[in-house]
Amino acid sequence: MLGQRDQAVPESVKKVGAVQKSRVRERAPDWGRRCVLPGTPLLLCCYLAYLALGTSVFQALESGSTPVSEEAPQQAKWALLHNYTCLDSAALDSLIRAIIWEHRRGVIFPSNTTSMGRWELAGSFFFSVSTITTIGYGNLSPHTMGARLFCIFFAFLGIPLNLVLLNRLGRLMLSWVQRWAQWLGGAQKDQNRARWFVGSCAFLSGLLLFFLLPPLLFTHMEGWSYEEGFYYSFITLSTVGFGDYVIGMNPDRRYPVWYKNVVSMWILFGMAWVALIINLVISVMECSTVLCPCSQGYPRRTGDPLTISSPTDQK
């Protein structure tokens, strides 16, 4: 009897352990399941709605405060010109510094205004885009305390939203390229050649759409040279944003309303394409044995968990 009890106990323990392991295996996929994000169109609508919220708030907080400070620099300018009929270097330098200082504060002089106000609807929308995309040209910044506090909150939530949308758009572009490569490879029965062909076409089309054609628009609208437009395109899409070239700032030109809105959409999709290209370059550099000698002992990442084989396993 004692021997039968000793044999029965391990069998029951084994059954309980097997049931627990099966439950763990069933729950394991649920534990590793990620939160499902909304679809790309819905995410894009949320992104545009968030930009519309920032545009309306910035316009309401900043548009009413700018005209108050216009009279002081305007009176000082005319007083200085009235007292100094022939300006010397010091007076001229003081005048230039005052104008630059007021321009950085967002003051619009009545005799030197553009068709697109700095805190109008289009200007506020473009400022919201440059804020959450972390471009930050520096030509315009909020100077009221309410707008500054809202800018902190707006950027704190907007930057992660922008990164999620860029990641989603980059994956969407990559999936299109992969589907095209699979379809072309199945037709020609050569996957490697189809992959290289589709990748080259995607790279050249993105280069044409985001870098080579937009400078023509900037040349027509801004009066820049093609080289200056190409320089502005790269500095903008790479989020460097020096601020030496900014659209819609020439006082001698009339800009349509759609101009900055179209450029904002170009910035969004262009940044997604540039991020995709940068990720591909990083993956190539990481897999290169010349730039990274430590990658010789590691297999390439193909989407599966990284496994390292020991010398005994290789034998």
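Visitor: Let's start with Y232. Which residues does Y232 touch, leaving out those up to four places away in sequence?
Guide: With those left out, Y232 touches F126, Y137, F218, W224, Y245, V246, I247, V263 and W266. A contact here means heavy atoms within 4.5 Å.

Visitor: Before I go on, what am I looking at?
Guide: This is a predicted model, so local features need pLDDT of at least 70 and side-chain atom pairs count only at pLDDT 80 or more, while totals for chains, interfaces and linings use all residues. Residues are numbered from 1 along each chain as its sequence is written, and side-chain values use heavy atoms, with hydrogens and water left out.

Visitor: Thanks! How many helices and strands does the chain have?
Guide: The chain has eleven helices and zero strands. These are DSSP runs numbered from the N terminus: H or I of at least four residues for helices, E of at least two for strands.

Visitor: And how much of the chain is buried?
Guide: Of its 315 residues, 31% count as buried. Buried means under 20% relative accessible area, exposed over 50%, and partly exposed in between, with a 1.4 Å probe and protein chains only.

Visitor: Back to the inside. How many residues are in the largest nonpolar core?
Guide: The largest nonpolar core has 43 residues, and Y232 is among those with the most contacts inside it, together with F126, F218, I247, V263, W266 and I267. Helices α2, α5, α6, α7, α8, α9 and α10 each supply at least two residues of this core. The one giving the most is α10, with eleven residues. By nonpolar core I mean a set of buried Ala, Val, Leu, Ile, Met, Phe, Trp, Tyr and Cys residues joined through side-chain atoms within 4.5 Å.

Visitor: At what angle do α7 and α10 pack?
Guide: At about 145°, with their axes 10 Å apart. Axes are lines fitted to C-alpha atoms, for helices over the stretch in contact, and angles run from 0 to 180 degrees between N-to-C directions.

Visitor: Which residues meet there?
Guide: From α7, they are A202, F203, G206, L207, L209, F210 and F211, meeting W266, F269, G270, W273, V274 and I277 in α10. That contact divides into eleven nonpolar, two polar and no charged residues. In this sorting, Ala, Val, Leu, Ile, Met, Phe, Trp, Tyr, Cys and Pro are nonpolar, Asp, Glu, Lys and Arg charged, and the others, Gly among them, polar.

Visitor: New topic: S128. Is that serine buried or exposed?
Guide: S128 counts as buried because its relative accessibility is 0%. This residue is in helix α5, and a polar atom of its side chain lies 2.9 Å from the backbone oxygen of S124. Not counting residues up to four places away in sequence, S128 touches L51, G54, T55, F58 and F154.

Visitor: Last one: where is M221?
Guide: M221 is in helix α8. Leaving aside neighbours within four places in sequence, M221 contacts R253, Y255, P256 and Y259.

Definitions and conventions
A polar contact is a pair of N or O atoms within 3.5 Å; within protein, one must be able to donate a hydrogen and the other to accept it, and residues adjacent in sequence count only if both atoms are side-chain atoms.
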